[in-house]
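Hi,

Here is the structure I said I would pass on. Have a look at it first, and then read on for what turned up.

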Amino acid sequence: MTYKTATTETPNILVDKFGRQVTYVRLSVTDRCDFRCVYCMAEEMTFLPRADILSLEELEQIAKAFVSLGVHKIRLTGGEPLVRHNISSLVKNIGQLDGLRELTLTTNGSQLKKYAGHLLESGVKRINVSLDSLNEARFKKITRTGNLQQVLTGIDSAIDAGLTNIKLNTVILKGRNEDEILDLVDFARSKQIDISFIEEMPLGLIDEHNRALSFCSSDEVKAVIEERYSLTAVDDDTGGPSKYHRMANSPSRVGFISPHSHNFCHLCNRVRVTVDGLLLLCLGNEHSVDLKAIIRQHPGDLDALRNAIIESMEIKPEKHHFDLDGEPQIVRFMNMTGG
Ligand code: SAM
Ligand code: SF4
C-alpha cells in the first residue's frame with residue numbers, strides 16, 4: 001500500500017508513524033443541532049453541559065495552533081455549526097489565520113439563508129450541504145425535525161450569495177431513499193453543484209433502523225447512476241476522502257465516500273477535534289488527546305497546545321475497522337465526532 005507522505009510545501013511537523021502528514025482539521029463547534037437525522041442521532045439526545053464546551057476563544061486558539069503546525073485546511077462542523085451562538089465571529093477570526101488556505105463548513109442548510117453572505121465575506125469558499133431526500137415527507141422522516149423547503153432555500157441562498165464550491169452530501173439508506181439516487185443527481189446537475197454519496201458508518205447506538213440492513217455501498221449507488229449517466233473517474237484532489245467522477249454535459253461532479261467498501265486510511269491527512277476539546281486521531285478509533293484540559297491548565301500558552309498536538313502524531317492509528325453487525329465499536333454519535 002502506498003501511503004500519502006509529507007510534502008515540502010508545508011512544515012513537516014505533523015507527520016504520523018506511517019509517514020502521513022496531517023494538513024486538515026475538522027473542528028466541531030457544537031454538538032447541538034436543529035435536526036435529529038436517524039443515522040446520526042437518537043431521537044432523545046443529551047447534549048454536553050455548557051461548561052464542557054470549548055468557548056469561541058478556545059476554538060480559535062486550537063485552530064491557530066494547528067495552522068502554525070502546517071494545517072492548511074479547516075472544516076467547521078458539528079452538530080450543526082450554524083446554530084452555534086456567535087458563529088459569525090468564529091468564522092471570521094479563523095478565516096483570518098495566516099497560513100490557512102481553505103476554511104470550509106459542513107451544514108444541514110437550515111440556517112444558510114441567514115449566513116450564506118457572511119460565510120462568503122469571511123473567506124469560506126467551499127461548503128457541504130447535507131441532503132438525503134427531495135420529498136418533503138420523507139425528508140422529515142429522515143431528519144425527524146427538518147424542513148426540506150428551508151434547506152432548498154438555503155442552497156439557493158448560497159448559490160445567489162456567490163459561493164462557488166457547493167457540494168451536497170447524501171447518505172443513501174436501503175428502504176428509505178435509494179429510489180431517489182437519480183433525482184438527487186439531477187438536482188445537483190440542475191444547480192450545477194457537486195454531490196457526494198457517503199456510506200453509512202456505525203457511529204453511535206441507534207435503534208431506529210438496522211444499519212446492516214439499510215447499508216447501501218458506493219458501488220451500488222454508482223451502478224444506479226450509470227443507468228443514466230456514464231461516470232468518468234477524475235483525479236481531483238480536494239484533500240478529502242471523496243473519489244470524484246464527471247458526467248457528460250455538466251460541471252457537476254459525483255463523489256463517493258466509501259469508508260466500508262474502499263478504505264481510504266492510507267491517504268488520511270486529517271484529524272478531528274470535538275466541541276469538548278478531544279483531539280480524535282481517527283474517525284473509527286478512540287485514540288485521543290484532551291486539548292481542553294491542556295488549554296484550561298495553560299491558558300494562552302500556544303506552545304503547550306502545539307506540543308500536545310505534535311506528540312499526538314505518535315498515536316494516530318493506521319486504519320479504522322467498521323463492522324455493521326453487532327455493537328458499534330464507536331459509541332460516540334456523529335454529531336459528537338464532527339462529520
Ligand atoms: N449538521 C451538519 C450536516 O448535517 O451536514 C454537519 C454535521 S453532520 C454530522 C456531517 C455529515 O455526517 C453529514 O453529511 C451527515 O450526513 C453525515 N453523517 C452523520 N452520521 C453519519 C453516519 N452514521 N454515517 C455516515 N455519515 C453520517
Ligand atoms: Fe444534525 Fe447533521 Fe447529525 Fe443531521 S447529520 S442530526 S443535521 S448533525
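I'll start with asparagine 108, which touches Cys33, Asp34, Phe35, Glu80, Val129, Ser130 and Val151, leaving aside residues up to four places away in sequence. Before going further, keep in mind that this is a predicted model. Asparagine 108 sits in the loop between S3 and helix H3 (112-121). Is asparagine 108 buried or exposed? It is buried, at a relative accessible area of 7%, where the cut-off for buried is under 20%. One of the residues it touches, aspartate 34, also pairs with it through a polar contact: side chain to side chain, at 2.9 Å.

Asparagine 108 comes up again around ligand 2, whose surroundings are Cys33, Phe35, Arg36, Cys37, Cys40, Met41, Gly79 and Asn108. Sorted by class, that shell has five nonpolar, two polar and one charged residues.

Now for ligand 1. It has 19 residues around it, and the closest are Tyr39, Gly79, Thr107, Ser130 and Met201. How does the shell around ligand 1 divide by class, into how many nonpolar, polar and charged residues? There are six nonpolar, nine polar and four charged. Two strands, S3 (102-107) and S5 (165-171), each contribute at least two residues to it.

- Tyrosine 39: a backbone N or O atom is 3.1 Å from a nitrogen atom of ligand 1.
- Threonine 107: a polar backbone atom lies 3.1 Å from an oxygen atom of ligand 1.
- Arginine 211: a polar side-chain atom is 3.4 Å from a nitrogen atom of ligand 1.

On its own, ligand 1 would expose 540 Å², and the protein buries 96% of that.

Next, helix H8 (residues 218-226). Ser218, Val221 and Ile225 are buried there. Why do they end up on the same side of H8? Because they cover an arc of only 65° around the axis. What do the buried residues of H8 pack against? Their partners are helix H6 (181-191), strand S6 (194-198) and strand S9 (253-257).

Threonine 30 is another one to click on. You will find it in the loop between strand S1 (24-28) and helix H1 (56-68), and it is buried, with a relative accessible area of 4%. Its side chain reaches the backbone nitrogen of arginine 32 at 3.0 Å. Histidine 85 is 55 residues away from threonine 30 along the chain, yet their C-alpha atoms are separated by 9.4 Å.

Finally, the overall numbers. The secondary structure comes to 11 helices and 12 strands. Of the 339 residues, 58% are buried. Taking contacts between residues at least 6 apart in sequence, 72% join residues at least 24 apart. The protein exposes about 14500 Å², with carbon and sulfur atoms supplying 49% of that.

Cheers

Note on methods: Residues are numbered from 1 along each chain as its sequence is written. Chains are lettered from A and ligands numbered from 1 in the order in which they are written. This is a predicted model: local features need pLDDT of at least 70, side-chain atom pairs count only at pLDDT 80 or more; totals for chains, interfaces and linings use all residues. Side-chain values use heavy atoms; hydrogens and water are left out. A residue is near a molecule or strand if one of its heavy atoms lies within 4 Å of it. A polar contact is a pair of N or O atoms within 3.5 Å; within protein, one must be able to donate a hydrogen and the other to accept it, and residues adjacent in sequence count only if both atoms are side-chain atoms. Accessible areas come from the Shrake-Rupley method with a 1.4 Å probe; for residues, only the protein chains shown count as cover. Ala, Val, Leu, Ile, Met, Phe, Trp, Tyr, Cys and Pro count as nonpolar, Asp, Glu, Lys and Arg as charged, and the others, Gly among them, as polar. Buried means under 20% relative accessible area, exposed over 50%, partly exposed in between (1.4 Å probe, protein chains only). The arc is that of the directions from the helix axis to the C-beta atoms. Contact means heavy atoms within 4.5 Å.
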